[in-house]
Amino acid sequence: MRFALLTTVVAIGALACGKKGDQNQTQTPPPAAPAGSTAATGPVVEVKMTGNGSTRAAFEPSTVTVPAGGTVRFINVAGGPHNITFWSDSVPAGGAAALNAGMKNTVDNLSGPFLTQPNEAYEVSFANAPKGTYKGYCTPHLTLGMKINIKVE
Ligand SMILES: [Cu+2]
């Protein structure tokens, strides 16, 4: 009996909310961005992710310079899956917060999703990121030395 009463109250509450939304018609959600996409900011610098899947893997180039507020676009060229992960203790003060905002669909702290499809791209926006060097690596290929230094200046 008690449960039934509670259910009724909840149902009425839901109904009331729904009606309110219909009347206002102002709560149109923003269009959803396609999965895996990011809003690139500033100049875009491209980095290829290469390798043979077993003994060789690299970011090309492995040192890049990005203008402040720019974006690095990582492209899965060969030997994937690849991703980009930043050493959180390597980034300049305040950099982690900026990267958290500039990295979509992360799989772990400062760790981007794994790119499996040919020419699949992943963008990291350095909007509001402090100047300095950001050291990163590819999680599956760290042992193969797949590392990158990104200088924001
Ligand atoms: Cu890799």
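Let's start with one side chain: that of Glu120 reaches the backbone nitrogen of Thr116 at 3.0 Å. The Glu120 side chain also reaches the backbone nitrogen of Gln117, at 2.9 Å. Such a polar contact is a pair of N or O atoms within 3.5 Å; within protein, one must be able to donate a hydrogen and the other to accept it, and residues adjacent in sequence count only if both atoms are side-chain atoms.

Before going further, note that this is a predicted model, where local features need pLDDT of at least 70 and side-chain atom pairs count only at pLDDT 80 or more, while totals for chains, interfaces and linings use all residues. Residues are numbered from 1 along each chain as its sequence is written, and side-chain values use heavy atoms, with hydrogens and water left out.

Glu120 sits in the loop between α2 (95–102) and β6 (121–125). Helices (H or I, at least four residues) and strands (E, at least two) are DSSP runs, numbered from the N terminus. Glu120 is partly exposed, with a relative accessible area of 27%; buried means under 20%, exposed over 50%, and partly exposed in between (1.4 Å probe, protein chains only). Leaving aside neighbours within four places in sequence, Glu120 is in contact with Phe74, Ile75, Asn76 and Leu115, where contact means heavy atoms within 4.5 Å.

Together with Phe86, Phe126 and Ile150, Phe74 has the most contacts inside the largest nonpolar core, a set of 27 residues. A nonpolar core here is a set of buried Ala, Val, Leu, Ile, Met, Phe, Trp, Tyr and Cys residues joined through side-chain atoms within 4.5 Å.

Now for the metal. The copper ion has as its protein donors His82 (ND1), Cys138 (SG), His141 (ND1) and Met146 (SD), lying 2.0 to 2.6 Å away. Donors are N, O and S atoms within 2.8 Å of the metal (3.2 Å for Na, K and Ca); water is not among the atoms, so sites may look incomplete. His82, in the loop between β4 and β5 (85–86), and His141, in the loop between β7 (132–137) and β8, are 59 residues apart and link distant parts of the chain. Both histidines, His82 and His141, are buried.

Stepping back, the chain holds two helices and eight strands, in the order α-β-β-β-β-β-α-β-β-β.
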